[in-house]
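Open the model in your viewer and keep the selection tool ready. The stops below follow one another.

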Amino acid sequence: PVGGQGLNLCWRDIRTLTSLIKLLDKRTYLKNYIPNLYFISRIVDVYIIGFLTDFLVRFYSNRHLLLITPRYIAIKALQYSNLARKLVLYLMTNGISLL
């Protein structure tokens, strides 16, 4: 995986399940809905990270001439912009959470 995204997804899965279990402690009638709530809260993040990871692998491993300039610009933006680096790191580490 690119940038440890499997591990990052795992930690977010644990965070989501922990939140749902805490919710269950307060509302026992939700016990049967835990799998559905988990699926709904995680599906967007999993698909987005899967798409982005696949895109990055294809974008940076491709030798197509039209991709050289955008790749160069992206690398330079990450090299010189603290904000861009922090944003990318935050999104890849924390993902998108619906809970």
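Is Arg42 buried or exposed? Select Arg42: the relative accessible area is 4%, so Arg42 is buried (buried is under 20%, exposed over 50%, partly exposed in between, with a 1.4 Å probe and protein chains only).

This is a predicted model, where local features need pLDDT of at least 70, side-chain atom pairs count only at pLDDT 80 or more, and totals for chains, interfaces and linings use all residues. Residues are numbered from 1 along each chain as its sequence is written, and side-chain values use heavy atoms, with hydrogens and water left out.

Arg42 lies in helix α2 and Asp13 in helix α1, so the pair ties together parts 29 residues apart in sequence. Helices are DSSP runs of H or I, at least four residues, numbered from the N terminus.

Next, select Arg12 and Asp45. Their side chains form a salt bridge at 2.7 Å, N to O. Both residues are buried. Arg12, Asp13, Arg42 and Asp45 are linked in a network of salt bridges.

Stay in helix α1 (residues 5-26) and pick Thr16. Thr16 is buried, at 5% relative accessible area.

Finish on Arg58 and Asp54, whose side chains meet in a salt bridge (2.8 Å, N to O). Both lie in helix α2, 4 residues apart, about one turn of the helix. Arg58 is exposed at 54%; Asp54 is partly exposed at 37%.

Technical notes
Helix = DSSP H or I, 4+ residues; strand = E, 2+ residues; numbered from the N terminus. Salt bridge = Lys/Arg side-chain N within 4 Å of Asp/Glu carboxyl O.
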